[in-house]
Amino acid sequence: MGEGQVVRVGERRLRLTNLDKVLYPEVGFTKAEVIDYYTRIAPVLLPHLAGRPLTLRRFPNGVEGQSFFEKNVPSHAPEWVRTVRVGTPGSSRGAEFADFVVVEDLATLVWLANLAALELHVPQWTVGARGARHSPDLVVFDLDPGAPATVVECCRVAERLRGVLVADGLSPVVKTSGSKGLQVYAAVRVSSPEGPSVYAKGLAQRLARESPEAVVWRMAKAQRTGKVLIDWSQNNPAKTTVAPYSLRARPVPSVSTPVTWDEVVACRSPEDLVFVADEVRERVGRFGDLFAAGNASPLPG
C-alpha cells in the first residue's frame, strides 16, 4: 500500500494515509498491517461491535507514543459513519452526552483503523435502530492479576467462576484481555440495568471469602499482591471493556483473544495465552468465533 492510497471498501471510498508508519516499533508492525488485520478479522469482530457505542483508544504515533481515549466521533468523520448520542452523566469532562461511533460495517472499521484506533472498547449493552439504550445483555468478570500473579492464576479463578456460572444456568465464554489478564462473559437477560453489577459483585465477594489467599474483590492495590482481582465494576453501564479481537497497545500486536475452556484448564505459563494478530487470524480459520455466546439466559436474582 502506498501513501495516501484510495481504496474501495464495499460501496465506500476511503483514503488511507501514512500506511508505512510503524505503530509497533519492537516488531515493525505498520499501520497497513493494522488495517489488514482488522479487515481480515472483521467477519468475527463486527458482530461483537454491532449496536454498541464505541470508545476508541488512538495511538497516532504508535504504541510508544502518546495515546488518547475518544468517545465523541471525530469532526472529520464521513457522513455515512453511524453515530449515536448517549448521555454521559458524571463525565470527567462535565459533558452531558457524547456522540459515539457505532461500527456496523467494514468501511467504518477500516476508517477507524486508519485513524490508528488500535483499541476498541465497548459497553455491555446496545442501542436500537433509533439510538434507544437497551438493558445490558452481557455480564463480565475482568480478572486482573496482581504481580507476581499472572494469567495462570487468572485461569484457576476463571475455572471456578465457570463452575458457578454454569450452575446458575449461564453459558460462559472466555477471552484474554490481550494484556495481563482474562475476561469471562455470559449472555444474559436482565430485569434491571443494575442486575449484572449486583450479580457480579456478589459472586466476586463469594469467591474472595472462599479463597482469600487467591482472590480479592476490592480495587485497593495494597490488597492485590499475588492475588487475582475479580473486577465486577466493569458491569457499570458507564464503563467499557476491550472488545474481543481488538488489538492492544503492547510491545507486540497482541489481541484480546477468545480461547477455549480446555486452553484455560491447560494453561501453565503466561506465554500459553499470548496471541498476536497473525495467530488470531489463524485461530479463527481453525476454530471460528469462540466468543459466540449463544442464547442469553436469565440472570439469577
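A nonpolar core is taken here as a set of buried Ala, Val, Leu, Ile, Met, Phe, Trp, Tyr and Cys residues joined through side-chain atoms within 4.5 Å. The model I looked at is a predicted one.

**Cores.** I looked up the largest nonpolar core and found 81 residues in it. Tyr38, Phe141 and Leu143 have the most contacts inside this core. Helix α1 (residues 31-49) gives it the largest share, 11 residues. I then checked the domains: domain 1 (4-132) and domain 2 (135-298) both contribute residues, so the core lies between them. Another core, of seven residues, lies apart from it and includes Val84, Val86, Val102 and Val127.

**Phe141.** I listed its contacts, leaving aside neighbours within four places in sequence. Among them are Leu161, Leu165, Leu182, Val184, Tyr199, Leu203 and Ile230. Gln183 and Asp231 are also on the list.

**Strand β14 (residues 228-231).** I asked which residues are buried on each face: Val228 and Ile230 are on one side, Leu229 and Asp231 on the other. Strand β10 (residues 138-145) runs antiparallel to β14 and is joined to it by four bridges. Within this pairing I noted Leu143, whose bridge partner in β14 is Ile230. Strand β13 (residues 215-216) runs parallel to β14, with two bridges; Val215 stands opposite Val228.

**Helix α2 (residues 106-114).** I counted eight of its nine residues as buried, so the helix is largely enclosed by the rest of the structure. Trp111 and Asn114 are among the buried ones. I looked up what covers them and found, among others, α1, β1 (5-9), β5 (55-58) and β9 (117-122). Ala116, which follows α2, has a positive phi, near 60 degrees.

Conventions: Residues numbered from 1 in each chain as written. Predicted model: local features only at pLDDT ≥ 70, side-chain atom pairs only at ≥ 80, totals over all residues. Heavy atoms only, no water. Buried < 20%, exposed > 50% of the residue type's maximum accessible area, 1.4 Å probe, protein only. Domains from an automatic or database assignment. Contact = heavy atoms within 4.5 Å. Pairing = 2+ DSSP bridges.
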